[in-house]
Amino acid sequence: RVHRGRAVLLERHVARMLGSCKRTGFGAGPDGDRLCEGARRLIEVNRVTTGYLRVTVTRGPHGGALTELECRRPTVLIEARSMELAPVAEPPPWRLARAAFRVSENSPIAGHKSLSYQANLLSLAESRAAGADETYFLNSRGHLCEGAISNLFFVSESVVRTPALECGLLPGITRAVVLELCDRHGIPVETGLYGESALLSAREVFCTNSLRGIIPVTAALGAREATFGPGPLTRALQAHYAAMLEGA
């Protein structure tokens with residue numbers, strides 16, 4: 001998200017991307033400091049006050065062999081565009097629908113934000129056709145994993161809970177910030193392995209997304225339909241997140 005002309009948590013996004021470059025065969029990626037500076041310059045030149053920034057890195061030119069994964073001269077594409085976005089303190093709520101298929105926590109690209117995104121988009125399109133705003137996935141063991149474009153959180157017994165990284169989910173930047181905010185403000189928080197019933201029986205549910213922030217969930221269409229109200233812990237975290245953005 002670009003907020004008041006600044007890319008929110010840019011260094012964290014770049015660090016995650018460079019880590020994925022190293023762990024998915026590239027061996028190395030672009031220079032992180034240079035990339036961040038290029039992103040900031042582009043936001044300024046394009047006069048983006050509110051909008052989004054997207055950075056895409058490929059391994060660049062290679063000898064033509066599919067198995068030649070090493071990255072010697074990466075290709076970097078940076079986009080910065082203006083976009084109307086709801087205030088992070090009060091984004092519109094979402095409805096969720098369960099994906100028709102499961103994802104593998106053992107996939108070699110699990111936990112990485114890659115362009116191998118077709119399965120997520122197909123499921124998201126199906127969920128939106130069913131009247132939802134986002135989909136949610138179970139992994140091959142039946143544990144809650146993540147959304148197509150978000151991380152999942154729910155509140156039960158006054159504890160904020162979210163699936164553990166071992167479930168095969170993307171380690172979202174906003175997800176990590178929420179965990180930090182819980183710790184900072186004394187909100188009980190837990191990561192773990194949860195079945196779908198834990199989500200559907202929760203008191204509050206919300207999703208996190210770097211563009212939209214903390215999004216309350218009002219309904220989930222899974223093994224049964226469940227409804228939720230914007231609860232006090234969700235509202236508190238939204239307020240803390242909005243304050244963090246203004247003060248950063």
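This is a predicted model: local features need pLDDT of at least 70, side-chain atom pairs count only at pLDDT 80 or more; totals for chains, interfaces and linings use all residues.
How are H1 and H2 oriented to each other?

Helix H1 covers residues 10-23, and helix H2 covers residues 32-45. Their axes come within 10 Å and cross at roughly 135°. An angle between 115 and 145 degrees is neither roughly perpendicular nor roughly antiparallel, so H1 and H2 are oblique to each other. The crossing of H1 past H2 is right-handed. On the H1 side, the contact is made by Leu10, Glu11, Val14, Met17 and Leu18, and on the H2 side by Gly32, Leu35, Cys36, Ala39 and Arg40. By class, that contact has 7 nonpolar, 1 polar and 2 charged residues.

Next, the sheet. There are 4 strands in an open sheet, in the order E2-E1-E3-E4, and the pairing is antiparallel. Strand E2 (6-7) and strand E4 (75-82) are the edge strands, each pairing on one side only. Further in, strand E1, residues 2-3, pairs with strand E3, residues 50-58, over 2 bridges. Within that pair, Val2 of the model stands opposite Gly51 in E3. H2 comes back here: this helix lies across E1, E2, E3 and E4, and runs at about 30° to E4.

Helix H4, residues 173-184, and helix H6, residues 232-247, have axes that come within 10 Å and cross at roughly 105°. That angle makes H4 roughly perpendicular to H6. H4 contributes Thr174, Val177, Val178, Leu181 and Cys182 to the contact, while H6 contributes Leu237, His240, Tyr241 and Met244. These residues divide into 7 nonpolar, 2 polar and no charged.

Terms used:
Residues are numbered from 1 along each chain as its sequence is written. Side-chain values use heavy atoms; hydrogens and water are left out. Two strands pair if DSSP finds at least two bridges between them. Contact means heavy atoms within 4.5 Å. Axes are lines fitted to C-alpha atoms, for helices over the stretch in contact, and angles run from 0 to 180 degrees between N-to-C directions. Angles under 35 degrees count as roughly parallel, over 145 as roughly antiparallel, 65 to 115 as roughly perpendicular and the rest as oblique. Ala, Val, Leu, Ile, Met, Phe, Trp, Tyr, Cys and Pro count as nonpolar, Asp, Glu, Lys and Arg as charged, and the others, Gly among them, as polar. A crossing is left-handed if the near helix is turned anticlockwise from the far one by less than a right angle, and right-handed if clockwise.
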